[in-house]
Amino acid sequence: MDVIFFGPPGAGKGTQAKILQQRFGLRQVSTGDLLREHRRREDEIGRRAQAYLDRGLLVPDDVIIDIVRAEIDRGDDLLFDGFPRTRAQAEALTGLLQERGKGLPLLVVFNLDKEEVFRRLMGRWTNPRTGRVYHDIYDPPPPNKIDVDGTPLVRRADDQPETIQTRYDVYRNEAEELLDYYRRSLGDNIVEVDARSPVDVVSGKIAGKFSAPPRSLRQ
Ligand code: ADP
Ligand code: AMP
């Protein structure tokens, strides 16, 4: 079964993706990580995405959908982390999954208040090679901010107050329309989690939903 993680920035989607992809044999598709990789390579997609990434705005849907289509065509059951973020992206994903005869995805909705979003992101340290994240208070990084694989940890350029505010506002603007769409098309294949809970509690809640058999897709 494919899984979609939806929630505000800093809600713990990447953290849970790293845990659950191993446990359930899913491949994580983080559109944010893929865009940052394109930016690092300074290729065509990277150049198109740059200004949006810097400002915390959504990269245009057509760019995102092209990236996701390529990932779906590589096969596997996928764990979408940070995609879809708009109703148009959600509709495009439904079409792509249907064309490939896939069942209904499971939508995991992470709920987190704005104050905690800021606390999470202002304390986040990222390993740019593996995507592993730490937090100054909740999950302190190793000494000297060097990860166990020898990679120096970094603070993401967009984890600054002004950009966090923009990213949070963008999330709020899109959330209702996207959730309305999925409430109608996914039925029971939705699980809401209180993202303030400890990491293992959140993982347990999501894992509990995995036994439900996928149903055929409805529009
Ligand atoms: P997202 O991928 O949703 O943006 P991350 O997984 O990167 O969020 O988590 C944001 C920050 O919050 C990281 O610093 C991470 O260590 C921390 N974090 C993640 N989940 C929890 C949790 N359940 N409790 C406390 N801190 C968490
Ligand atoms: P994330 O790593 O999920 O926090 O995303 C970082 C940034 O990448 C966002 O602020 C957007 O600029 C861009 N981005 C990631 N995923 C998407 C998406 N599905 N649609 C549009 N923009 C995205």
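1. Contact of H4 with H5. In this predicted model, Asp-61, Ile-64, Ile-65, Arg-69 and Ile-72 of H4 meet Ala-88, Gln-89, Ala-92, Leu-93, Leu-96 and Leu-97 of H5; contact here means heavy atoms within 4.5 Å. By class, eight of these residues are nonpolar, one is polar and two are charged. Nonpolar covers Ala, Val, Leu, Ile, Met, Phe, Trp, Tyr, Cys and Pro, charged covers Asp, Glu, Lys and Arg, and the others, Gly among them, count as polar.

2. Geometry of H4 and H5. Helix H4 spans residues 61-73 and helix H5 residues 87-99; they pack at an angle of about 25°, with their axes 11 Å apart. Axes are lines fitted to C-alpha atoms, for helices over the stretch in contact, and angles between N-to-C directions run from 0 to 180 degrees. H4 and H5 are therefore roughly parallel to each other; angles under 35 degrees count as roughly parallel, over 145 as roughly antiparallel, 65 to 115 as roughly perpendicular and the rest as oblique. H4 passes H5 in a right-handed crossing, that is, the near helix is turned clockwise from the far one by less than a right angle, anticlockwise being left-handed. Helices (H or I, at least four residues) and strands (E, at least two) are DSSP runs, numbered from the N terminus.

3. H2 against H4. Helix H2 (residues 31-41) packs on H4 at about 105°, again with axes 11 Å apart. H2 and H4 are therefore roughly perpendicular to each other. Thr-31, Leu-34, Leu-35 and His-38 in H2 meet Ile-64, Ile-67, Val-68 and Glu-71 in H4. This contact divides into five nonpolar, two polar and one charged residue.

4. H6 against H7. The axes of helix H6 (residues 114-122) and helix H7 (residues 161-186) come within 11 Å and cross at roughly 135°. That makes H6 oblique to H7. H6 passes H7 in a right-handed crossing. The contact involves Lys-114, Val-117, Phe-118, Leu-121 and Met-122 of H6, and Pro-161, Ile-164, Gln-165, Arg-167 and Tyr-168 of H7. Seven of its residues are nonpolar, one is polar and two are charged.

5. Ligand 2. The ligand is surrounded by 16 residues, the closest being Thr-31, Arg-36, Leu-57, Arg-85 and Gln-89; a residue is near a molecule or strand if one of its heavy atoms lies within 4 Å of it. A polar side-chain atom of Thr-31 lies 2.8 Å from a nitrogen atom of ligand 2. A polar side-chain atom of Arg-36 lies 2.9 Å from an oxygen atom of ligand 2. A polar backbone atom of Gly-82 is 3.0 Å from a nitrogen atom of the ligand.

6. Ligand 1. Of 17 residues around ligand 1, Gly-14, Thr-15, Arg-124, Tyr-134 and Ser-197 come nearest. A polar side-chain atom of Arg-124 lies 2.7 Å from an oxygen atom of ligand 1. A backbone N or O atom of Ser-197 lies 2.8 Å from a nitrogen atom of ligand 1.

7. Backbone points to check. Most residues other than glycine have a negative phi, and most peptide bonds are trans. The Phe-83 to Pro-84 peptide bond is cis, with omega near -10°, and Pro-84 lies in the loop between strand E3 (78-81) and H5. Asn-144, in the loop between strand E6 (133-135) and H7, has a positive phi near 65°.

8. Conventions. Residues are numbered from 1 along each chain as its sequence is written, while chains are lettered from A and ligands numbered from 1 in the order in which they are written. In this predicted model local features need pLDDT of at least 70, side-chain atom pairs count only at pLDDT 80 or more, and totals for chains, interfaces and linings use all residues, while side-chain values use heavy atoms, with hydrogens and water left out.

Note on methods:
Polar contact = N/O pair within 3.5 Å; in protein donor to acceptor, adjacent residues only side chain to side chain.
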